[in-house]
Amino acid sequence: MKRMTIAEALREGIRQEMRRDERVFCIGEDIAIPGGWGGAFTVTLGLEEEFADRMINTPISEAGLFGAALGAAMMGMRPIADVQYGDFLFCAMDQVANQIAKMRYMSGGKLTVPLLMRAPVGVTGRGAQHAQSMEAFFMPLPGIKIIAPSNAYDALGMLRSAIRCDDPVLMFEHKLLYGSKGARTESGAVDASGDIPDEDYTVPIGKAAILREGGDVTIVSHLLMLHHALRAATKLAEEGIEAEVIDARSLVPFDWETLKASVAKTGRVIFVEECSKHAGVYAEIAATLAEEMMELLSAPIKRIAAPNTPAPFAPVMEKFYIPQIDDIVSGVKELVEY
Amino acid sequence: MKKKTYSEKFLLDLYRKMVLIRQFEERVKFLFLEGIMPGTIHQCQGQEATAVGVCAALKEDDVITSTHRPHGHCIAKGLPVREMMAELFGKTIGCCKGKGGSMHMGDLARGIVPAVAIVGGGTPIAAGIGLAFKLRKEKRVAVCFMGDGAANEGVFHEAVNMASIWDLPVIYVIENNRYGASTPVEKVFRVKNISERAAAYGIPGLTVDGNDPLAVYEAARQAVERAREGKGPTLLELNTYRITGHSRRDPALYQPEQEKRDAKANEPIKRFAGYLTGEGIVMGTELEDILKEVDAEIEAAVENAMLSPDPKPEDALEDMFVE
């Protein structure tokens with residue numbers, strides 16, 4: 001058992017998987033330069049010392065590196081491809097959306113694409129182009145599984161599942177949850193570290209986690225907003241409102257069973273995300289819930305999300321843009337009073 | 001063309017494959033215009049020597065990526081026309097179980113990545129295939145077929161550069177058929193030969209008569225040898241001409257009449273037949289026999305495809321994820 005941040009847990013997980021399986025390799029920008037950063041948020045720091053051949057440091061060529069990862073995956077390798085900021089996935093969009101997501105299907109199921117893609121997301125004082133929560137852009141794209149762990153234990157367990165999975169998996173990680181240290185420390189970071197067991201555990205893709213039980217209302221969230229939701233639940237408890245908090249953590253496939261069981265108990269649900277509200281992650285989840293489980297609800301579905309603008313720079317505007325703990329508290333109260 | 005340094009069998013195999021591609025494409029065009037075959041098609045009549053010449057330099061376990069115009073590449077690399085025809089008819093016995101169709105034709109088991117129908121999209125994928133070979137220290141190579149248009153996609157730059165800096169065993173093959181859809185190459189390139197761009201990546205670039213299967217074979221053989229020795233990629237530009245439309249019913253009115261007439265006189269099958277008879281390699285009815293055998297193979301493929309059952313509609317829901 002060892003206490004680790006998400007960045008440390010991911011690094012340890014990648015190291016162990018590369019030791020365990022020669023097919024696993026990393027490909028990305030600035031991931032393997034001695035004296036460098038180990039990727040934008042230190043996840044691969046120092047791995048090039050142990051795996052000189054399998055840490056592929058690429059030019060600034062996102063389409064190129066994701067396409068190369070696909071080619072290698074089809075030939076039986078197990079690449080881990082990452083971008084420095086999720087926003088850069090748009091540069092690789094043809095490879096991700098047209099090639100990686102569709103290749104197995106187009107082949108009639110005759111080939112496999114065991115490929116893990118990693119991308120940091122979240123608003124962090126960097127303006128509009130290093131800020132986007134990218135999850136919702138990929139959800140309408142059949143052929144890719146999407147995960148978003150909010151703590152170190154899940155990050156390592158889901159990383160292992162994703163690397164061992166024979167399908168393409170896209171893992172979103174939040175910049176403020178990494179716990180990156182040194183020159184790559186993020187201001188406003190939230191502690192998402194956890195106790196990591198020594199044994200080789202996994203966390204399955206497709207299963208949500210109930211992080212707090214309660215009977216009055218269900219709060220569903222992921223990544224940074226999940227931490228806000230937990231803080232909001234603590235505040236609400238002081239006022240006698242018991243919120244059940246679900247970490248969705250696997251967006252595709254989504255764990256409908258856990259959501260359904262919780263809503264059957266509470267009758268009220270509020271979704272919290274950092275994506276823009278318009279066609280955000282929970283727009284889809286809420287629509288399906290309303291379509292198929294309306295009878296479970298005793299109040300309207302509520303969504304708390306970022307507004308439909310790019311992320312602003314000025315700290316006061318940025319704070320307004322990102323959903324805050326108090327927004328969740330008042331949202332829950334509205335529901336309970338409905 | 002070079003004097004007889006090739007076996008008769010090798011030369012007749014080249015010829016047979018080129019004729020198989022031509023007759024396949026002509027039969028498919030007819031079936032399509034008759035309204036019997038669904039979908040859309042991009043055909044390669046006139047470009048047979050590029051696919052056949054390059055693939056003749058490859059081994060069975062080498063891998064190619066193809067384009068929206070993939071039929072010639074697939075046949076040249078060894079995909080049976082029986083499975084291809086069934087795929088074009090959308091049948092379960094097709095090489096992609098009816099999920100790929102013309103533009104995604106392929107079979108990785110035979111070293112053919114399902115065709116990438118986004119222009120330039122195969123360039124980094126081929127680099128990744130080469131990277132896998134290099135990481136595993138296998139002496140295999142990847143060939144990336146593309147049209148002239150692909151050289152103007154941004155991803156081409158990213159991919160060829162990566163292949164170059166890592167010395168990947170990849171051959172980038174540009175089939176320059178002089179038109180990106182309807183746009184002539186002169187309107188979209190300042191360089192005279194696209195292969196000049198190889199200099200930007202510090203790799204060899206070569207422009208070859210793409211209607212001469214032996215010239216193509218020789219150029220490809222050298223590039224493949226170089227790649228297998230770990231010396232990195234080559235950019236091959238094969239000059240050819242598409243003597244049919246870009247797709248479906250395109251009458252190719254943008255191709256000048258004189259140019260079309262010249263191209264037909266220079267088309268590879270006629271030229272190669274002339275070479276084979278002129279050099280005395282064939283004396284009797286070998287070429288006619290090949291044509292008959294090829295036509296019979298194609299007819300059997302058509303019959304087999306048309307008689308085979310359609311997939312179940314709900315098969316559409318299968319084959320996305322392994323788990």
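User: Which residue in β7(B) stands opposite Glu175(B)?
Analyst: Glu175(B) has Leu238(B) of β7(B) standing opposite, where strands are DSSP runs of E of at least two residues and helices are runs of H or I of at least four, both numbered from the N terminus. This is a predicted model, in which local features need pLDDT of at least 70 and side-chain atom pairs count only at pLDDT 80 or more, while totals for chains, interfaces and linings use all residues. Residues are numbered from 1 along each chain as its sequence is written, with chains lettered from A and ligands numbered from 1 in the order in which they are written.

User: OK, and how many bridges join β3 to β7 in chain B?
Analyst: Six bridges join β3 (170-176) of chain B to β7 (234-239) of chain B, and the two strands run parallel; strands pair if DSSP finds at least two bridges between them.

User: What's the strand order in that open sheet?
Analyst: The five strands of chain B follow the order β1-β2-β3-β7-β6, with parallel pairing.

User: Which strands stand at the edges, then?
Analyst: In chain B these are β1 (63-65) and β6 (205-209), and because each has a single partner strand, one side of each is left without a neighbour in the sheet. From one strand to the next, the twist averages 20 degrees.

User: Switching to helices, which strands does α5 of chain B touch?
Analyst: Helix α5 (122-135) of chain B packs on the sheet and touches β1, β2 (142-147) and β3 of chain B, a contact being two residues whose C-beta atoms, placed from the backbone, lie within 7 Å. The direction of α5 makes about 175 degrees with that of β2(B), where axes are lines fitted to C-alpha atoms, for helices over the stretch in contact, and angles run from 0 to 180 degrees between N-to-C directions.

User: And where does α7 of chain B lie?
Analyst: Helix α7 (213-228) of chain B lies across β3, β6 and β7 of chain B, and runs at about 170 degrees to β7(B).
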